[in-house]
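Please examine the sequence and the structure shown below. The report that follows treats selected side-chain contacts and then the arrangement of strands and helices.

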Amino acid sequence: MTNDTTSTEQHAGARHRHQAGPAIAILRGGTGDHVEDVIATLVESGVTAIEITTNTPRWREGIAWAVERYGSAASIGVGTVLDVRQLDEAAAAGASFAVSPHLDAELGERAHERGLGWYPGAATPTEIVHAWRLGARAVKVFPAAQLGGPAFLKQVLAPLDFVDVIPTGGIGVDDAPDYLAAGAVAVGLGSPLVGDALTSGDLDALRERADRLVAAVDR
């Protein structure tokens, strides 16, 4: 694990592009009854990076099912990781990355030990650089829309172009290309993409949004 004394040049040598594509679907909440169906619909539409948050019922089972079903064809991670126990449980289920809304060096160390990509949350330039120097594979800029959207991201990345960022929070399906154009390596989309599919099981509407997202970011 790198530390605060690591130079930006050293870390820039390991530039990261999210291995499963430019969009990460964030599954949060619901009843727990539709997790597998939602994952299958997203992956079949081409959204092959899935983050299942720890406040989603059956999140451990969802991760394990997706990893067994799709293997290396999809990247399955855990979100809203607040403590080491959750990270360990996600790793045991087969997750390949871990996302937090905050920056916690202890979580970063454990993610490194368990071989998980670590995406901590940050909002300011100081927090973003600190996260990167602590060894984040990419920094979750959160909440992106409320911070100023693509314009904010472009301004921040002008001096911090060595940092890989994944903006998340309030990003709509049709907004994703603007964030990528502003310099993001990927975007995280929750309810604007997933809608109520985790509660209602409405997979047709989910498939339409997922298809639209894939078409938009693949331009």
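## Charge over a ring

In this predicted model, the charged end of lysine 140 lies over the ring of phenylalanine 142, at 4.6 Å from the ring centre.

## Aromatic pairs

Two aromatic pairs are counted. One of them joins tryptophan 65 and tyrosine 70: the ring centres are 6.0 Å apart and the planes meet at 80°, so the pair is edge-to-face, given that angles over 60 degrees count as such. Tryptophan 65 is partly exposed, with a relative accessible area of 24%, whereas tyrosine 70 is buried, at 14%.

## The open sheet

Six strands make up an open sheet with parallel pairing, in the order E5-E4-E3-E2-E1-E9. Strands E5 (117–119) and E9 (187–189) form the edges; each has a single partner strand, so one side of each lacks a neighbour in the sheet. On average, neighbouring strands are turned by 25° against each other, direction ignored.

Strand E1 (residues 23–27) pairs with strand E2 (residues 49–53) in the parallel sense over three bridges, and glutamate 51 of E2 is the bridge partner of isoleucine 26. E2 also pairs with E3 in the parallel sense, over five bridges; here valine 78 of E3 is the bridge partner of isoleucine 52.

## Crossovers and the covering of E2

E1, H2 and E2 make a right-handed β-α-β unit. From E2 the chain passes through H3 to E3, and this β-α-β crossover is likewise right-handed. Helix H3 (residues 59–70) packs on the sheet, where H3 touches E2 and strand E3 (75–79); the direction of H3 makes about 170° with that of E3.

Strand E2 itself is mostly covered, with five of its five residues buried. Ala49, Glu51 and Thr53 point one way from the strand, Ile50 and Ile52 point the other way, and all are buried.

Helix H2 (residues 35–45) is mostly covered, nine of its eleven residues being buried. The buried residues are Val35, Glu36, Val38, Ile39, Ala40, Thr41, Leu42, Val43 and Ser45. The elements that cover them include strands E1 and E2 and helix H3, together with helix H10 (191–194), helix H11 (197–200) and helix H12 (203–217).

Just after H2, glycine 46 adopts a positive phi of about 105°.

Conventions: Residues numbered from 1 in each chain as written. Predicted model: local features only at pLDDT ≥ 70, side-chain atom pairs only at ≥ 80, totals over all residues. Heavy atoms only, no water. Phe/Tyr/Trp six-rings, centres within 6.5 Å; stacked < 30°, edge-to-face > 60°. Buried < 20%, exposed > 50% of the residue type's maximum accessible area, 1.4 Å probe, protein only. Lys NZ or Arg CZ within 6 Å of the ring centre and 35° of its normal. Pairing = 2+ DSSP bridges. Helix = DSSP H or I, 4+ residues; strand = E, 2+ residues; numbered from the N terminus. Axes fitted to C-alpha atoms, helices over the stretch in contact; angles between N-to-C directions. Contact = heavy atoms within 4.5 Å. Right-handed = clockwise from strand over helix to strand, strands pointing away.
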